[in-house]
Amino acid sequence: MSATRSKVRSPDAGTLLDWYDRHRRRLPWRAGPGQKPNPYRVWLSEIMLQQTTVAAVGPYFLRFVEQWPTVEALAAAPQDDVLRDWAGLGYYARARNLHACAKTVAEDLGGRFPDTEEGLRALPGIGAYTAGAIAAIAFDQQAAAVDGNVERVVARLFAIDTPMPAAKTEIRARTADLVPADRPGDFAQAVMDLGATICTPKRPVCALCPWNEECLAHAGGIAESLPVKAPKKDRPLRRGAAFWAERGNGSVLIVKRPPKGLLGGMDGVWLTPLKQDIDPSDAREHAPFKARWNRIAGEVEHVFTHFRLQLTVFTATDVTSFALPDTRWVTKTDLPDVGLPTVMRKAAAHALRALHGPKAEKLVALRRRSKAPN
DNA sequence: TAGCCGTGGCA
DNA sequence: TTGCCAAGGCT
């Protein structure tokens, strides 16, 4: 297409790469300019970043690479250790798949990640986006990495107003056409940086965009309205209960959840079945054992992806010790070392506050989050 | 293919 | 307070 005949130029990778060289974000998992990327670190960061903000991932990434500097080290770790350190990041199937993937790479692939999209795509936890991202970023393959940022940038660039997710096919094809043979890894990261800092979902800063002259949505004044998304489904409210048990010596009951499903494999307090809506007055039927369960005032609120949860907390103290499947008794001293998902921390904090006062909440304090690295 | 699967920050 | 949404994958 001739630039003189078209009203709007067609976007080219060089324009974006020039912008990237000046404005790239410096992130803990990124190789610096001229540095060779480490596939293990690229993979780890990409898994952590799935549906998760850069700011949230930062401390987790640093902790993981410090504790497990190589894929072999991660593969050799017990899965429970990996889940414990993942606690709080959410989407816990990612942690289970991460560990399974590490074992496959370490034990079956000689410690080397595949360098093609196809090879990567076959590993657990690696889908179309992540395979493309690792192939491009870690191995400089001419691969497209289409995430939410890229979908937004490309939908606007070509004014694609087909609603998501139907537009994915066209967006993927358009993106693939843009990927350059030279510096495909930087290109992938450049589009994501553009989406994260300039071509934002709301109030995009088109004036600063290196592609603003090529952008059909900008030309039409419709950038902020793209991509078109289907309306969200509302999240029903579900009620449940948590049971906090303490023995005479002060140790507390911790439950390991089933290996799959919601919070699969994670430690926590004893809960009523979360697939049901349970009236608090009926909740004692689901207690782990007979005891004088005391209902605490107030509720714990938590929002999951597809429902809102309102937990009533019950406590029992001076419980006589006995064995239950998938449970253990944890001393107060060891409690801070248990990796609790956020909803479990909330329930535990509520119980500890009621029984022992505000200071006791620190035993299950939410991990302090460092400031966003960008 | 659409539902399941977390969490925190921000407007 | 509520909704949106962030480097998605699995079934």
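Which residues around DNA strand B come nearest?

A: The model is predicted: local features need pLDDT of at least 70 and side-chain atom pairs count only at pLDDT 80 or more, whereas totals for chains, interfaces and linings use all residues. Residues are numbered from 1 along each chain as its sequence is written, chains are lettered from A and ligands numbered from 1 in the order in which they are written, and side-chain values use heavy atoms, with hydrogens and water left out.

DNA strand B has 21 residues around it, of which Lys233, Leu263, His302, His306 and Thr342 come nearest; a residue is near a strand if one of its heavy atoms lies within 4 Å of it. By class, this surface comprises ten nonpolar residues (Ala, Val, Leu, Ile, Met, Phe, Trp, Tyr, Cys and Pro), two charged ones (Asp, Glu, Lys and Arg) and nine polar ones (the others, Gly among them).

Among the polar contacts (pairs of N or O atoms within 3.5 Å), an N or O atom in the side chain of Lys233 lies 2.4 Å from a phosphate oxygen of DNA strand B. Gln51 instead places a polar backbone atom 2.9 Å from a base nitrogen of DNA strand B.

Strand E5 (294-303) and helix H13 (342-356) each supply at least two residues of this surface; strands (E, at least two residues) and helices (H or I, at least four) are DSSP runs, numbered from the N terminus. E5 pairs with strand E6 (residues 308-319) in the antiparallel sense over seven bridges, pairing being defined as at least two DSSP bridges between two strands. The two strands, E5 and E6, form a hairpin with four residues between them, and Asn294 stands opposite Thr315 in E6.

How values were computed. Polar contact = N/O pair within 3.5 Å; in protein donor to acceptor, adjacent residues only side chain to side chain.
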